[in-house]
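Hi everyone, thanks for coming along. Please have a look at the structure I'm putting up now, and we'll walk through a few places together.

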Amino acid sequence: MKALITGITGQDGSYLAEFLLSKGYEVYGLIRRSSSITRERIDHLHGEFAGMESKLNLIYGDLGDSNSLRSALTKIQPNEVYNLAAQSHVKVSFEIPEYTVDVTGTGTVRLLDAIRDIDSNIKFYQASSSEMFGKVREVPQTETTPFSPRSPYAAAKVLSYWLTVNYRDGYDLYACNGILFNHESPRRGESFLTRKITLGVARILHGLQKCITLGNLEAKRDWGYAGDYVEAMWLMLQQETASDYVIATGVTRSVREFCERAFKYGGVEIEWSGSGLNEVGRVKEVFFHELKEVLQPGDVVVRVDPRFFRPTEVDQLIGDPTKAKEKLGWTPKVGFEKLVEMMVESDIKKAKRELSFSKV
């Protein structure tokens with residue numbers, strides 16, 4: 001079996017590549033040509049899958065270039081295509097909306113049309129997003145909940161969603177949408193909220209920074225583990241007929257709770273004071289003796305900054321994964337607490353390396 005993954009160097013792409021290689025797939029990753037290509041998320045695959053190096057291949061291409069997509073499909077002749085590539089930072093999408101829509105939205109139709117022309121037997125997975133629900137019409141959100149996007153990123157994902165449905169219905173392609181709710185991991189980009197929190201906690205514990213600055217502490221998300229979610233992507237393409245699925249944990253937590261859990265795992269209890277833009281998170285208690293050299297009760301470790309609020313906010317996302325459980329046999333294995341611990345632990349190691357380098 002051959003699989004082509006767009007966005008293979010991202011968080012999801014790296015976990016999916018691992019998963020497919022473990023299944024014996026020959027994996028191809030589409031990467032954009034640039035002067036500096038970040039591949040650290042997949043560099044380990046060559047060593048981990050010793051003797052399987054030839055089954056992981058990178059090929060140049062771009063969702064903004066139809067010719068490169070058609071060339072890749074013709075050369076590889078994949079059985080499955082996983083479209084994970086996107087400008088996926090919601091806040092950034094407000095700053096570069098045209099680029100976001102071109103890559104995240106129009107890029108999907110370029111890929112679908114190439115599949116239709118070159119080999120309509122290719123199975124296609126589209127990475128859709130819970131952000132499409134936006135200003136939610138019902139709680140929890142299911143496969144039939146109406147979309148109400150609240151950002152250029154979400155609007156582009158809605159475009160991709162309906163294009164996937166249209167090509168499935170109109171051209172009889174095996175094309176699926178995975179409506180994935182927030183899924184995180186130690187490989188999440190450092191500019192994303194969850195990594196900003198866990199890396200900030202780790203650096204604060206080691207005296208490398210004083211405070212984490214965030215936006216809306218009340219925003220609630222359904223957070224799961226990316227390593228679990230890529231299995232659901234694969235399962236969608238193994239069914240007799242193509243369909244769309246919500247992939248979620250069914251549990252929602254606030255940004256405030258994520259902060260509390262991250263600090264607690266690091267050995268610090270925080271408490272909140274003030275309100276609105278003046279709210280802060282302070283150290284209430286330090287549990288580990290060695291931390292008392294860098295943190296004291298009353299120290300401010302979380303602040304709110306209006307710069308990090310979205311122009312249009314999504315307040316509460318929580319998915320109903322019933323269909324995925326019943327049809328795919330999929331359930332998440334890693335819960336919220338374990339996910340946060342996993343991320344903090346990884347970032348503590350990173351902070352320790354940073355600290356050791358600073359002393360050289």
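Let's start where a charge meets a ring: the charged end of Arg187 sits over the ring of Tyr15, 3.9 Å from its centre. "Over" here means that NZ of Lys or CZ of Arg is within 6 Å of the ring centre and within 35 degrees of the ring normal. Arg256 has such a place too, with its charged end over the ring of Trp272, 5.0 Å from the centre.

A quick word on the model: it is predicted, so local features need pLDDT of at least 70 and side-chain atom pairs count only at pLDDT 80 or more, while totals for chains, interfaces and linings use all residues. Residues are numbered from 1 along each chain as its sequence is written, and side-chain values use heavy atoms, with hydrogens and water left out.

Now, rings with rings. How many aromatic pairs does the structure hold? There are 13, where a pair means rings of Phe, Tyr and Trp (its six-membered ring) with centres within 6.5 Å; planes under 30 degrees apart count as stacked, over 60 as edge-to-face, and the rest as tilted. Take Phe147 and Trp162: their ring centres are 6.4 Å apart and their planes stand at 65°, so this pair is edge-to-face. Phe147 lies in the loop between strand E5 (123–129) and helix H6 (152–171), and Trp162 lies in helix H6, 15 residues apart. Helices (H or I, at least four residues) and strands (E, at least two) are DSSP runs, numbered from the N terminus.

Are these two buried or exposed? Phe147 is buried at 16% relative accessibility, whereas Trp162 is partly exposed at 44%. Buried means under 20% relative accessible area, exposed over 50%, and partly exposed in between, using a 1.4 Å probe and protein chains only.

Next, please find Gly105 in helix H5 (residues 97–118). Gly105 is buried, with a relative accessible area of 0%. Leaving aside residues up to four places away in sequence, Gly105 touches Thr100, Ala156, Leu159, Ser160 and Leu163; contact means heavy atoms within 4.5 Å.

Last stop, a sheet. Four strands form an open sheet with mixed pairing, in the order E8-E15-E14-E13; two strands pair if DSSP finds at least two bridges between them. Strands E8 (212–214) and E13 (268–273) are at the edges with a single partner strand each, so one side of each has no neighbour in the sheet. E13 pairs with strand E14 (residues 280–286) in the antiparallel sense over six bridges, and there Ile270 stands opposite Val283.
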